[in-house]
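Good morning, everyone. Please look at the model on the screen while I talk you through it.

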Amino acid sequence: MNSDNCIIVIFGASGDLTKRKLVPAVYDLKKRGHLPDRFAILGIGRTEYSEESFREKLQADMEMEGDEANSSFFQDIYYQSLNTSSPDDYVKLKDKLTGLDKQLGTEGNYIFYLATPPRLYSLIPGFLSEQGLNSEERGWKRLIVEKPFGTDLQSARELNREILKYFNESQLYRIDHYLGKETVQNILVTRFGNGFFEPLWNRNFIDHVEITAAESLGVEKRGGYYDSSGALKDMVQNHLLQLTAMVAMEPPASFESDAIRNETLKVFQSLKPLNRDELDNCFIRGQYTASTIKGEKVKGYREEEGVDPESRTETFTALKFYIENWRWGGVPFYIRTGKRLPTRVSEIVIHFKSTPHKLFKKAFGTQDNFNKLIIRIQPDEGILLKFGMKMPGAGFDVKEANMSFRYSELSSVEMASAYERLLLDCMHGDSTLYARGDAVEACWEFIQPLLDYENSDDPPKIYGYPAGSWGPDCADDLIEGEGVTWRYPCKNLASDGMFCEL
Ligand SMILES: NC(=O)C1=CN([C@@H]2O[C@H](COP(=O)(O)OP(=O)(O)OC[C@H]3O[C@@H](n4cnc5c(N)ncnc54)[C@H](OP(=O)(O)O)[C@@H]3O)[C@@H](O)[C@H]2O)C=CC1
Ligand SMILES: O=C1O[C@H](COP(=O)(O)O)[C@@H](O)[C@H](O)[C@H]1O
């Protein structure tokens, strides 16, 4: 599909997200021939740059030299310094855009990308609207809003309400970059493009579902932001619940954006509310402590730059919950995410029920339940099916066997980054892989009792776990059942450090 000629206006253009994700994503789109003939990026920030010095900064950030740096891509990048809170500066922005339209032929089609501190997300749309920059009289106007979309249920509702005064839902693109990952989209194809998974995909055959998003890095340079957020808001409210919806949703009637988003919303609306009395048994919080990983000393969270030395913000969380509907009644979902875990891996494990009668166990003493489907989101994307097979030789010794598929074997084409995919979708006006306002609010509604508990006078415990381990030991207690544990794709790496209550 061809994209319309357009300008991407990035607010927060001197920031980390722009240099690490957004501009590289547009660069890759250009390399793959996905950009329209007439196109520009207009960077916006308070910092003063000339257009040339802004281009040079981006080339340096992207470590580009020689031919790459001289490519026509950088000639399409412009910059305007602007104080996001000054109404007069938006007059200058409008003039700049009108000038670029005349010069380049971009036809008044603009994507406004909000990559600023989140408090500005509710202000910038109002200022844009004062200048008529939300009007689609001449060219389309789309607004991409970065995460976090609110910090709790009330603020998310207010933010929706405020932005919707100026932009319609159809113009609004709330980004959740997990939805841009190829393998996340592939969950839909796996489930709804094959006849044999779906008949088993329900409470009759599935024992429990496990979703993990583990990171080996700590908070890096984002300590200031992270300390006011924590794993629950940073990862669970958005990415992990979106993954849950992909696993749990009903087949949509069509592949239209709203058909899919209606089904994901129904999942969020069916999440069994977490009630305060149960929370101590289904909600675990952890924070990484100093340790040694592969011989190297690693800081604890409280020693990280920008973090309160007495912080009680969780860098790990695990949660057990249920989806109350016909398909999933009684099936526990376990999710966990954390920083400074032993490896970077995101995966979904569907644990199938064991056979009703353990024929081989009775006769020969061995027959575990091997039946799992593992959907690996990253890295080394793919799908692994585990089942039991007879070991060659006498008797009936049953061992685990694997059938695996690697995404990289399907095509030699390099996979697009999530931001690349999502930006292209926005250029095409396709919001399927963006979160709808009602879904974002439903996710906050589910999380809110946990936030209330965290902010109460008697907050939940927080446990220290050594950086490089799989989080607090007590996370294992969440999963109930004979011989059932989390899947550990790689062993603990921490060679010292303490598990403790903080
Ligand atoms: N970095 C990441 O990996 C991710 C970031 N995000 C979200 O994207 C947004 C941007 O993040 P990130 O790039 O890391 O943040 P940075 O702090 O690196 O950049 C923020 C940018 O906003 C600009 N800005 C505009 N107005 C203001 C203002 N009034 N006060 C302060 N800064 C202002 C700053 O430029 P100037 O000073 O020139 O005005 C700066 O370029 C955040 O909301 C974050 O939550 C989401 C996912 C990942
Ligand atoms: O949104 C976020 O996601 C990243 C993890 O993304 P991934 O694509 O690397 O899995 C996380 O590090 C960050 O804290 C969070 O804000």
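Start with ligand 2: Lys 147, Glu 215, Asp 234 and Ser 346 are the residues around it. "Around" means that a residue's C-beta atom, placed from the backbone, lies within 6 Å of the molecule. How do these shell residues divide? Three are charged, one is polar and none is nonpolar. Here Asp, Glu, Lys and Arg count as charged; Ala, Val, Leu, Ile, Met, Phe, Trp, Tyr, Cys and Pro count as nonpolar; the others, Gly among them, are polar.

A word on the source. This is a predicted model: local features need pLDDT of at least 70, side-chain atom pairs count only at pLDDT 80 or more, and totals for chains, interfaces and linings use all residues. Residues are numbered from 1 along each chain as its sequence is written, while chains are lettered from A and ligands numbered from 1 in the order in which they are written.

Now the whole chain. It has 16 helices and 18 strands. Those are DSSP runs, numbered from the N terminus: helices are H or I with at least four residues, strands are E with at least two. The C-alpha trace spans about 80 × 50 × 45 Å along its principal axes.

Next, one sheet. It is open, with six strands in the order β3-β2-β1-β4-β5-β6, and the pairing is parallel. Strands pair if DSSP finds at least two bridges between them. The edge strands, β3 (77–81) and β6 (172–174), each pair on one side only.

Finally, zoom in. β1 (residues 6–11) pairs with β4 (residues 110–114) in the parallel sense, over five bridges. Phe 11 stands opposite Leu 114 in β4.
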